[in-house]
Each structure stands twice: as C-alpha cells, then as structure tokens.
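Here are a few friendly notes to read alongside the model. Keep the 3D view open and find each residue as you go.

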Amino acid sequence: MADQKEVRVRVAPSPTGDPHVGTAYIALFNYVFARHSGGKFILRIEDTDRTRSTRESEEAILRALRWIGLEWDEGPDVGGPYGPYRQSERVEIYKEYAWELVRKGRAYPCFCTAERLAELRAAQKQAKQDLGYDSLCRSIPPAEAEARVKAGECHVIRLAVPDEGETIVPDRLRGELRFQNALIDDQILLKSDGFPTYHLANVVDDHLMKITHVIRAEEWISSTPKHVLLYDAFGWEMPEWIHMPLLRNPDGSKISKRKQPVSIDYYRDIGILPEVLLNFLALMGWSMGGDRERFTLDEMIAEFSFDKVTLGGPVFDLEKLSWLNGAAIRELSPRELLERLKAWRLNDDFLLEVIPLVHERVRRLDEFIPATTFYFAGDLDYANVPELVPKNRDARETAKLLEAALEIVDANPNLDKEILETRFRDLAAAHDWKPRELFMTLRVAVTGRTVSPPLLESMQVIGREITRRRLRQAAAFLKGA
C-alpha cells in the first residue's frame with residue numbers, strides 16, 4: 001500500500017463511445033473517497049486506441065461527469081502538475097519506460113508476425129491448450145534483438161512474466177488474490193506503432209501522477225497481476241487496489257446497452273435529476289447505514305468508508321431509479337420544479353428545434369402540444385399501433401430490421417440526416433423491403449405515430465439516446481408479440 005500524505009485517485013475513461021454510467025459509478029467512488037480524505041481527484045483520458053478514440057467522445061464524457069456534479073482537481077481541461085492528462089500526448093514517456101524494462105531484462109522485443117501468432121492460436125485451440133503467446137522471442141539474445149530493432153524490423157515489446165510461482169494482488173475489499181504466473185501471458189506493453197497498451201500506460205501514469213489508490217471495477221481484476229508485475233519490474237511502490245462490484249442487469253449479467261440504456265445522456269434526456277443519479281449509483285454496492293436510501297453527495301462524503309461496500313452484484317434497476325427521482329421531484333417547490341423543467345427541455349433552445357418541424361402543421365396554438373408530445377416523452381406504448389409491422393411482413397422480420405436500424409443509429413453519433421437516409425435505404429434494399437415500408441416502421445417506432453413531422457429531423461431533435469431506446473423497445477415488443 002502506498003504510504004503518502006495526500007490521497008490521490010483517478011478515473012480514466014476511454015473516449016471511444018458514449019459517456020457510460022459505469023464511468024460515472026467509478027468516478028463517484030473515487031471522487032467521494034478523495035473528498036472524504038482531503039485528497040485529489042484526477043481525470044485522465046486513456047485515448048491510445050487510435051482507431052476508436054475521438055475528441056467528441058472525450059468532450060461528451062467531460063460534459064456528462066460535470067452534469068452529474070463531479071469536478072476534478074486535475075485533468076486535460078484544467079491542467080495540473082503531472083500532465084499532460086491525455087495518454088496520446090504521453091507516448092514518448094511510455095517508450096522510454098518500455099525500453100527501460102528491456103534494458104533490465106524484464107521485457108523483450110518480439111518479432112513474431114501476425115501470421116505466426118494466428119497459426120499459434122489455431123494450434124493451441126486444436127490442442128485444447130490455454131491460449132497465449134509462447135515466449136518464442138524471449139530466447140533471442142539481447143544483442144541480436146537490439147540489432148534487429150535498429151535494422152527497422154517490425155516488433156512489439158512484451159513483458160517477461162516469470163514462468164513459475166504466483167503473483168499476489170492485495171485488494172482492499174477482497175483480501176489477497178493469487179494468480180499462477182504460468183497462466184499469465186507475456187503481455188504486449190508497446191505496440192508496433194509505438195503506442196502503449198493499456199497495461200503499460202496505466203501503470204506508468206499512475207506512478208508518475210502519484211496515484212495512491214486505484215479504485216476501479218472488478219472487471220479489471222484479471223489485468224491487475226500484470227500491473228503488479230510491472231510495479232515489481234520497475235521497482236516502484238504499488239498503490240492500494242480497490243475493485244468495486246460491477247453494475248448488473250436484473251438477470252445478473254453485466255450491464256450493457258443491449259439490455260438497457262447505459263449512456264449518462266439518456267438519463268439526462270428523460271429527466272432524471274443529476275443528484276438523484278448520483279444517489280442511485282452510490283447505492284450500487286454501498287450503504288449509508290440502516291435502511292436509508294436517499295442522501296446527498298455531501299452526506300455520502302461525510303459518512304464514506306469502504307467498509308460499507310458490499311460485493312454482491314448491484315442491480316441497475318430502472319424502476320428503483322424512477323422511484324428515487326419521483327421522491328426527489330415531489331420535494332421540490334413548484335418554482336424549483338419549474339426551473340428544473342426549463343433546464344431540461346421546456347426552454348427556448350429546445351422549443352426552437354421543435355417548432356420548425358410542426359410550424360406548418362398546426363392551425364391553432366392548442367394543437368401544438370398534442371402534435372409534439374413524443375418529443376418530450378420517454379418510452380412509447382406500441383400495443384395499439386398495428387402499423388409498426390408493414391402489411392405482408394411479420395413481427396420477427398420487422399424486429400430484425402429495427403435492430404439493424406439501431407446499429408446504424410449507434411454508428412452515427414450526430415444523427416446526420418443524409419447519412420441516415422442513405423444507410424436506411426441501403427438496409428431496405430438489402431432485405432428486399434420498399435423504402436416506404438422501412439421508413440413507416442421507423443416512424444412508428446420513434447414517434448408512436450403513422451403521421452408525424454419529418455422523421456429524420458425528429459430523430460435529431462428527440463436525440464440519439466431516446467431514439468436508440470425506442471428502436472430497441474419496439475424490436476423487443478415485436479419479438480414478444
């Protein structure tokens with residue numbers, strides 16, 4: 001355990017998609033522990049996945065964490081003494097430390113081609129052996145390896161994991177976790193493009209940023225022995241490991257967008273109060289004590305202790321979240337509720353997105369509300385909308401196209417009208433549907449109506465999160481029909 005005067009913790013999201021409630025969950029416990037201990041909370045962006053990381057995703061993550069009320073002391077947008085706080089801006093640092101391990105004999109260059117590794121994997125599968133690298137390049141004499149690197153031969157850097165013995169991970173919540181070294185792969189530390197893998201960058205950054213406690217989800221437990229081995233290889237003192245229980249669906253599976261919304265933006269868009277979302281996430285594996293379920297962030301900070309964390313898989317129950325939100329709303333004064341509604345969607349900016357879509361459709365002002373309710377609603381009721389399934393099509397077939405349309409929406413964060421129209425038409429053609437059949441199904445799924453303002457523009461106004469939720473629920477409805 002790191003013995004330092006100041007507690008320093010971090011959350012380190014990868015900007016490869018939507019701001020995830022799991023990120024908010026882990027950020028919350030890091031933030032609360034830092035504030036309870038009088039320490040520092042750091043936000044670091046782990047953007048070394050060059051194909052999937054985007055600055056738009058990073059901005060969305062920062063915006064979402066601030067929306068729920070978490071502020072960081074150091075980070076890419078606020079600076080700090082141990083920056084830069086984006087891993088993509090620290091690549092030369094990782095190279096230096098990777099080669100330090102090579103010089104110490106704790107890592108080595110690997111020249112195996114993708115073809116050889118594929119053949120190795122296939123042979124291991126056929127022999128029903130554990131999959132992993134066979135350490136072939138580990139036997140190359142250091143001088144020869146150095147010469148091949150200097151000659152420009154393509155290579156990666158791998159960690160030289162001990163062949164025998166075990167690696168012990170002391171976890172604050174779980175005690176000593178033991179891993180047989182023979183089952184730990186010689187993990188790649190530096191890729192052939194010079195960028196680090198998660199393992200190297202994570203350990204180097206945590207050390208250089210003086211992180212004292214690593215608080216993260218239990219899914220990272222299997223990676224931790226590699227991190228312990230890296231700390232040992234460098235000769236650095238380890239932080240304290242604290243692996244929080246994973247958020248679970250009601251069926252016990254890991255929470256995922258396939259089963260329910262996981263984007264923080266979805267909960268913002270349906271009108272969940274940010275402080276309630278924090279309260280709800282706090283209940284995921286932690287207890288204030290007694291039967292108390294409602295408390296503020298400041299109250300959690302004052303009472304916080306990891307001794308109150310339970311390791312049973314916390315269930316992410318949307319009904320429970322709605323109940324908490326309703327209780328909080330009822331405690332607001334009418335004036336306070338008005339301000340919350342205005343901040344949500346009853347404001348000039350949002351209404352000015354809606355009005356142009358219905359401007360030519362209303363004859364009297366009293367027609368505006370009925371014409372626009374689906375812009376403000378969350379889930380829709382498909383039970384009394386038979387037009388969801390086109391004539392001469394069946395429910396299962398229609399559900400599959402809705403799921404395919406959902407994938408198109410997933411891949412288009414900005415809901416670009418031209419891109420969506422092209423992709424939807426291509427989808428219809430690929431399944432021998434007429435475009436009007438597919439667009440009517442999409443219209444009913446997204447708006448609950450056969451007649452509505454322009455569909456694609458409406459999807460943009462409704463927002464990607466609610467649009468995705470409705471497509472998923474319409475497909476699920478048809479599967480059960």
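1. Let us start with one pair of residues, remembering that this is a predicted model. Find I157: its bridge partner in β7 is L190. Strand β4 covers residues 156-159, and β4 and β7 pair in the antiparallel sense over 2 bridges.

2. Now step back to the sheet around that pair. In what order do the 3 strands of the open sheet come? The order is β3-β4-β7, with antiparallel pairing.

3. Look next at the edges. Both β3 (107-110) and β7 (188-190) are edge strands, and each of them pairs on one side only. From one strand to the next, the twist averages 45°.

4. Which helix lies across β3, β4 and β7? That is helix α3, made of residues 91-103, and α3 runs at about 105° to β3.

5. Turn now to the nonpolar residues. The largest nonpolar core has 102 residues, and those touching the most other members are M244, Y267, M300, F306, F316, F424 and M459. Helix α1 (residues 21-37) supplies the largest share of this core, with 11 residues. A second, separate core has 33 residues, including L177, L190, L200 and F234.

6. Finally, zoom in on Y267. Setting aside neighbours within four places in sequence, Y267 is in contact with V21, W67, P261, I272, L277, F316, L318 and L321. In soluble globular proteins, nonpolar side chains tend to be buried together.

Conventions. Residues are numbered from 1 along each chain as its sequence is written. This is a predicted model: local features need pLDDT of at least 70, side-chain atom pairs count only at pLDDT 80 or more; totals for chains, interfaces and linings use all residues. Side-chain values use heavy atoms; hydrogens and water are left out. A nonpolar core is a set of buried Ala, Val, Leu, Ile, Met, Phe, Trp, Tyr and Cys residues joined through side-chain atoms within 4.5 Å. Buried means under 20% relative accessible area, exposed over 50%, partly exposed in between (1.4 Å probe, protein chains only). Helices (H or I, at least four residues) and strands (E, at least two) are DSSP runs, numbered from the N terminus. Contact means heavy atoms within 4.5 Å. Two strands pair if DSSP finds at least two bridges between them. Axes are lines fitted to C-alpha atoms, for helices over the stretch in contact, and angles run from 0 to 180 degrees between N-to-C directions.
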